[in-house]
Amino acid sequence: MLRPALYILLYTITGILFGIYSYDYSISCIFIAVIIVLTFIIVTVHKNLLCCLLMPVALLALSAGASSGLHTNSHIESMADTDYPLFVEADVCDIVNIYDDITKYKIKAKHMSYNNTDIYDSINMYMYVNKKLNIGDTVEFKSTISHGNIKRNEADFDEIRYFKIKGIEYKTFPDDVTVTGHSNTLGYFVKKISLSLQSTINKLYPQREAGLMTAMLLGDRNNLDDELYDLYREAGIVHIIAISGMHISILAGIILILVKPLGRYISSAIVILFMCFYIILTGGSVSVVRSGIMMFFYILSGLISRKYDLISSTALACTLLLFVNPYYIFDLGFQYSFIAVFTIGFTSEILKKYKIENKFINLIVISIAISLTTKPITVYNFYYINCIDFIVNILVVSLSEFILIFGLISAIVGTFMLNIGVFLSGSVYVVLKVIEYISEFSLSIPFTHVQTGAISIISFLLMYIALIFIYKILMGKIYAIFPLVLSAVILFVGINTRYDDFEMYVIYVGQGDCAVIRDDDKCYIMDAGSSEYKNYGEVLFNELQYNNINKIDGIYISHMDYDHMGGVTEVAELMPVENIYISEYCDKNENYNMLIDYAAENNINIEYVNENYEEQLTENMSIKLVYTDKNAVSTNNSSAVYKVTYGGKSILFTGDIDSDIMDRASDIAEINADILKVPHHGSSGSISEKFVAAVSPELAVNSAGNNNIYGHPSGETIAFYNSMDIPFLSTNYNGMVKIRIIDNEIYYKLLNTKFKPIQNLRGQK
């Protein structure tokens with residue numbers, strides 16, 4: 001069997017995914033049956049009974065995936081996400097992030113107690129506190145604990161999964177922390193060395209470049225300039241910031257040259273010890289550990305006089321890491337790192353087969369190949385592709401090697417002889433500026449970026465299946481042509497049959513209000529609110545990109561409270577906005593003045609609507625202002641009430657009107673609608689039986705923030721809609737709500753579900 005490590009990796013990934021997503025008795029039986037059949041095929045093809053050993057690998061992976069969740073101590077779990085504070089004694093393990101007014105630490109709790117119950121389990125947590133602590137400090141505090149934030153929109157960051165990747169069980173925000181002791185751990189001494197090198201780097205480079213060099217050499221991104229990071233990411237060269245195999249190879253090579261006179265075994269041992277130290281120094285990211293493991297295999301193969309195989313080494317490193325933490329499979333650094341290295345290995349085989357030995361041609365071919373094989377990851381996670389990033393990488397990779405070598409030398413020398421360090425850093429600074437210029441220039445080229453929208457996991461896998469068949473064909477396996485064409489056709493059909501008729505997304509924006517309506521290639525926003533604690537404009541932008549929307553034709557603002565218009569300016573910074581629609585009778589407060597000034601400065605058209613406003617937005621979709629109180633004495637009651645109609649169905653948007661305004665609006669004929677956007681986030685002050693009876697909706701959808709201080713939606717509101725036999729969905733409970741109107745029937749979708757007829761909410765088939 002050629003490269004059994006690849007088969008071991010395949011069985012490991014399969015078992016882990018089965019274990020994570022569907023671990024129960026029936027699924028386990030199906031999994032075992034599949035593995036038996038697959039193993040029988042492999043044994044038959046390779047005529048080797050040793051292939052049967054792959055089955056226990058799959059079963060171990062299944063068990064690892066099923067048991068890799070968060071901490072399950074029932075006592076602690078019952079206290080998570082409650083208002084009950086726990087006493088915690090913990091050790092500070094790492095300084096993760098430093099923000100403006102708070103620092104994020106990784107701590108290991110060794111003693112927790114509540115209600116006279118002591119728990120001595122070792123539990124990893126993130127602690128956010130406004131206090132300077134050192135690695136190795138023992139701390140005590142009393143605070144609540146909570147899980148990671150639940151994902152509430154399709155494009156949201158999945159904090160719970162992130163915690164699993166990092167091996168974190170809970171997070172806590174103590175008001176006060178007491179340091180009760182300190183241990184001079186290895187992590188403490190390594191951090192001191194890191195801080196000393198950071199101090200030198202800060203003296204050698206301007207602030208912007210110093211933050212970049214600290215990230216590239218030491219893995220610390222706390223001072224990395226956000227704009228510079230975004231520039232590198234959009235140009236497709238953000239990988240040079242991450243500590244990777246190139247770093248390890250260069251540094252190990254330098255050390256090996258210095259210690260080579262000591263002999264084969266001693267020099268190898270020194271290099272291995274240095275790699276371990278560097279992994280700890282740079283924070284032990286997945287890509288660094290991967291590089292360290294592969295370098296170990298490389299050195300070991302030399303010591304035992306065996307030929308080093310890059311692909312097998314990569315597969316073994318990947319398998320080992322997945323057994324350490326199965327959730328690494330979802331880590332972007334893990335995915336990019338291993339896909340890139342596998343690509344180098346397989347592309348090198350193709351180049352060898354066709355006897356292409358020119359190093360420059362090899363660099364070009366490998367750069368193109370890596371660009372192609374990492375595209376599915378980028379599309380799946382960021383919803384765009386960069387069409388020329390391989391060209392930028394060809395120019396930048398060799399320059400980054402220079403930066404790493406001379407950057408590290410300047411930092412080490414500068415620690416002892418600052419003037420010489422400054423001299424050496426000058427050339428590094430020039431090269432950094434050249435890379436920045438190349439990145440900016442590449443992004444100025446038309447059609448550099450192509451927005452794709454989100455793709456399904458099936459499309460993601462089909463992309464890699466197609467790439468595997470392309471490799472097979474290039475290696476002379478003609479039989480792969482048919483499955484390549486078949487997978488390409490399925491992929492093409494899947495991507496080109498996206499739904500592009502009417503949809504509405506009621507997005508979770510905390511204690512704010514935001515709904516997106518789209519039809520054909522038009523997109524309109526009904527309120528773009530944010531909470532006072534977090535600006536949700538970027539959340540809205542991410543959701544639009546996820547759904548392949550690259551322009552906003554209009555934003556309708558019901559009234560001038562921040563929770564209904566606070567996200568407008570931020571999303572307008574990220575995406576073109578054609579028009580902003582404002583009621584002539586809205587409250588002209590500070591938010592109004594700010595928005596008008598912003599629109600004028602950015603050439604965004606303001607449309608003032610009155611009681612006669614009605615417009616055909618697309619061939620099948622129209623909007624009408626059906627009610628507004630011209631003499632409202634509060635901002636909430638100045639809300640414009642809009643009705644959007646698509647075919648024979650309609651949606652009523654009510655802003656924050658209260659029950660008095662609702663009663664007045666009840667006599668208007670146009671007030672009836674099939675879907676009601678619940679007024680004022682479900683406040684008890686916005687209940688009107690007369691109004692809801694006049695609307696007579698089939699579904700009520702509410703926007704509210706999780707655990708908001710107002711208690712929205714109130715229990716009284718929920719009970720009211722239940723008594724009216726109207727299904728009630730709310731973003732704080734259900735997350736983002738999607739609506740489609742198909743053949744004059746309304747369908748709804750919540751996160752991680754499929755579209756269903758709204759009759760299902762009433763238990764009807």
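The second largest cavity in this predicted model is lined by Leu 217, His 247, Leu 251, Tyr 278, Leu 404 and Leu 408. Two elements, α9 (245–259) and α15 (389–416), each give two or more residues to this lining. By class, the lining of the second largest cavity holds 5 nonpolar residues, 1 polar residue and no charged ones. The volume of this cavity is about 40 Å³.

A search of the whole structure finds 2 cavities of 30 Å³ or more. The largest cavity contains about 100 Å³ of space. Its lining includes the aromatic residues Tyr 556, Tyr 642 and Phe 653. Asp 513, Asp 527 and Lys 677 also line the largest cavity. The lining of the largest cavity divides into 5 nonpolar, 4 polar and 3 charged residues.

Salt bridges were counted next. The count comes to 23 salt bridges. One of them joins the side chains of Glu 154 and Lys 749, at 3.6 Å from N to O. Glu 154 lies in the loop between β6 (145–146) and α5 (159–166), and Lys 749 lies in strand β25 (residues 745–749), so the pair ties together parts that are 595 residues apart in sequence. Both partners fall under the 20% cut-off for burial. Glu 154 is buried, with a relative accessible area of 12%. Lys 749 is buried at 15% relative accessibility.

A salt bridge also forms between the side chains of Arg 664 and Asp 629, at 3.1 Å from N to O. This pair links distant parts of the chain, 35 residues apart. Arg 664 belongs to helix α23 (residues 659–665), while Asp 629 sits in the loop between β18 (621–627) and β19 (641–646). Asp 629 counts as buried, at 10% relative accessibility.

Asp 667 and Lys 690 meet through their side chains in a further salt bridge, at 3.7 Å from N to O. Asp 667 is in the loop between α23 and β21 (675–677), and Lys 690 is in helix α24 (residues 689–695). The two residues are 23 apart, and their pairing links distant parts of the chain. Asp 667 counts as exposed, with 63% relative accessibility. Lys 690 is partly exposed, with a relative accessible area of 44%.

Salt bridges also form a network. Arg 208, Glu 209, Asp 225, Lys 433 and Glu 436 are linked in this way.

Conventions. Residues are numbered from 1 along each chain as its sequence is written. This is a predicted model: local features need pLDDT of at least 70, side-chain atom pairs count only at pLDDT 80 or more; totals for chains, interfaces and linings use all residues. Side-chain values use heavy atoms; hydrogens and water are left out. On a 1 Å grid over the protein atoms alone, a cavity is a set of points where a 1.4 Å probe fits but cannot get out, and a pocket is an open set with protein on both sides within 12 Å along at least five of seven lines; lining residues have an atom within 4 Å of a point. Grid points are joined across faces, edges and corners, and a volume is the space filled by probe spheres set on the points. Ala, Val, Leu, Ile, Met, Phe, Trp, Tyr, Cys and Pro count as nonpolar, Asp, Glu, Lys and Arg as charged, and the others, Gly among them, as polar. Helices (H or I, at least four residues) and strands (E, at least two) are DSSP runs, numbered from the N terminus. A salt bridge is a side-chain nitrogen of Lys or Arg within 4 Å of a carboxyl oxygen of Asp or Glu. Buried means under 20% relative accessible area, exposed over 50%, partly exposed in between (1.4 Å probe, protein chains only).
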